[in-house]
2 protein chains.
Amino acid sequence: MKTRPYHHGDLRTALLALAEQTLRERGPGALSLRELAREAGVSPAAPSRHFKSKQALLDALGLEGFDRLTAELAAALERSGDTFADRLAALARVYLEFAVANAALHDLMYAYKYDPDASDELIAARRRLGAMTAELIEAGQGRGEVCEGPVDRVALPLTAALQGLAALAVTGAIPSGRIERAADDTVAFVLRGCAPTGGTTAASLP
Amino acid sequence: MKTRPYHHGDLRTALLALAEQTLRERGPGALSLRELAREAGVSPAAPSRHFKSKQALLDALGLEGFDRLTAELAAALERSGDTFADRLAALARVYLEFAVANAALHDLMYAYKYDPDASDELIAARRRLGAMTAELIEAGQGRGEVCEGPVDRVALPLTAALQGLAALAVTGAIPSGRIERAADDTVAFVLRGCAPTGGTTAASLP
DNA sequence: ACCTGAACACCGTTCAAGT
DNA sequence: ACCTGAACACCGTTCAAGT
């Protein structure tokens, strides 16, 4: 007779998977540690062995999100062309897709604002993502397709535009049928913003 | 002898004020209807006469935030110069200031994503804010300082950049000492993005 | 090492009853 | 109309005890 073993097997992973499902299907307000434990067939106190608090579980979930997003972006850049315009378009497309397809998770990833001692790992993951766009811009500067100057002065507005676009899409400010065009418009907008001064735009370079 | 009257006087207003204070001082996670009631010197059931649920109180708070922000922006535009560059800079400055000074409230304003039946008033308030930037852009087009075309195709990227900038500032991605320069950079970035095609930028017009 | 059972101090919401 | 008191069905977290 197949009886439940005393040990779950991999409760930590199971809890994370269940949490992500709940997040996706019923939003962050519906996420309860006790309910997760029930769904995993385990006592209310069991999760505390793997996550010292509910916030710790949320942090772990957010970290997973950053890792997945970073991997998807890296893969997309791998496949993309060499011009700054091509690479920016690829980045924007994948980022927006991720944010829309994982709206609640994407929210969580940037919601460590009120965490008393925000998880260091989470901040590090975010920094890794930031490093990707910095590399993108430096390469663009090397090709003469992006205006010169400290990377941050371009990276910040660029990141703001992309993240803001994702926020608009997720909150429904953009009708879902027009998300792709909004993305194209934003990429064109950002390209003009990044263009070398006093000359042609990056998009019009050979 | 001064004894507490049976009626509070203006419980609704008192609850909203207490809620905003808690939000500001201890973040959204610390917001409890019961605690608010305690602080107002009233029974746990009393708030339900004024807000049919906790979410309804949050919606009312968000609505208040939109009203205040809209008023501040309108006042700033009133005082500002006539060029698109001037008006955009004024808008950006005030918006960013508001977001940073009211971080938790600003968050709340855009957090109706998972509200089952998102408050219509809240959506309307947001639309009013959107109308302000649309007017800004149309005026800029009228002066030949913004590229032609459907307003949305400029308004969306512009809004994305400003909202994204606010998000970066609030989450601490921008060191608080460099927020003002980041704002200036973003305004310059947006100006280039909005500029009439094939010509000088809006910033360089007389 | 991993989990249970029971307890503690909280929640939001509802509803009869009071003023 | 506005509020109280008491109840209901939940929470997150802790801690001795079990396997």
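**Interface between chains A and B**

**View 1. Contact surface between chain A and chain B.** In this predicted model, 35 residues of chain A are in contact with 35 residues of chain B. About 3,000 Å² is buried between the two chains, and carbon and sulfur atoms give 65% of that area. The size of an interface is often given as the accessible area lost when the parts come together.

**View 2. Salt bridges and polar contacts across the interface.** Two salt bridges are counted between chain A and chain B. In one of them, the side chain of D185(A) meets that of R153(B), at 2.8 Å from N to O. Six residue pairs, both members at pLDDT 80 or more, are in polar contact between chain A and chain B.

**View 3. Elements of chain A that face chain B.** Three helices of chain A, α5 (103–109), α7 (151–170) and α8 (179–194), each give two or more residues to the side that touches chain B. The largest share of this side, 13 residues, comes from α7(A). Sorted by class, the side of chain A that touches chain B has 21 nonpolar residues, seven polar residues and seven charged residues.

**View 4. Relation between the two copies.** Chain A is superposed on chain B by a rotation of 180° with 0.0 Å of shift along its axis, and the RMSD is 0.0 Å. The two copies are therefore related as by a two-fold rotation axis. Both copies use the same surface, as 100% of the contact residues of chain A recur in chain B.

Terms used. Residues are numbered from 1 along each chain as its sequence is written. Chains are lettered from A and ligands numbered from 1 in the order in which they are written. This is a predicted model: local features need pLDDT of at least 70, side-chain atom pairs count only at pLDDT 80 or more; totals for chains, interfaces and linings use all residues. Side-chain values use heavy atoms; hydrogens and water are left out. Contact means heavy atoms within 4.5 Å. Buried area is the accessible area (1.4 Å probe) that two parts lose on being put together, summed over both. A salt bridge is a side-chain nitrogen of Lys or Arg within 4 Å of a carboxyl oxygen of Asp or Glu. A polar contact is a pair of N or O atoms within 3.5 Å; within protein, one must be able to donate a hydrogen and the other to accept it, and residues adjacent in sequence count only if both atoms are side-chain atoms. Helices (H or I, at least four residues) and strands (E, at least two) are DSSP runs, numbered from the N terminus. Ala, Val, Leu, Ile, Met, Phe, Trp, Tyr, Cys and Pro count as nonpolar, Asp, Glu, Lys and Arg as charged, and the others, Gly among them, as polar. Copies are superposed by least squares on the C-alpha atoms of residues with pLDDT of at least 70 in both.
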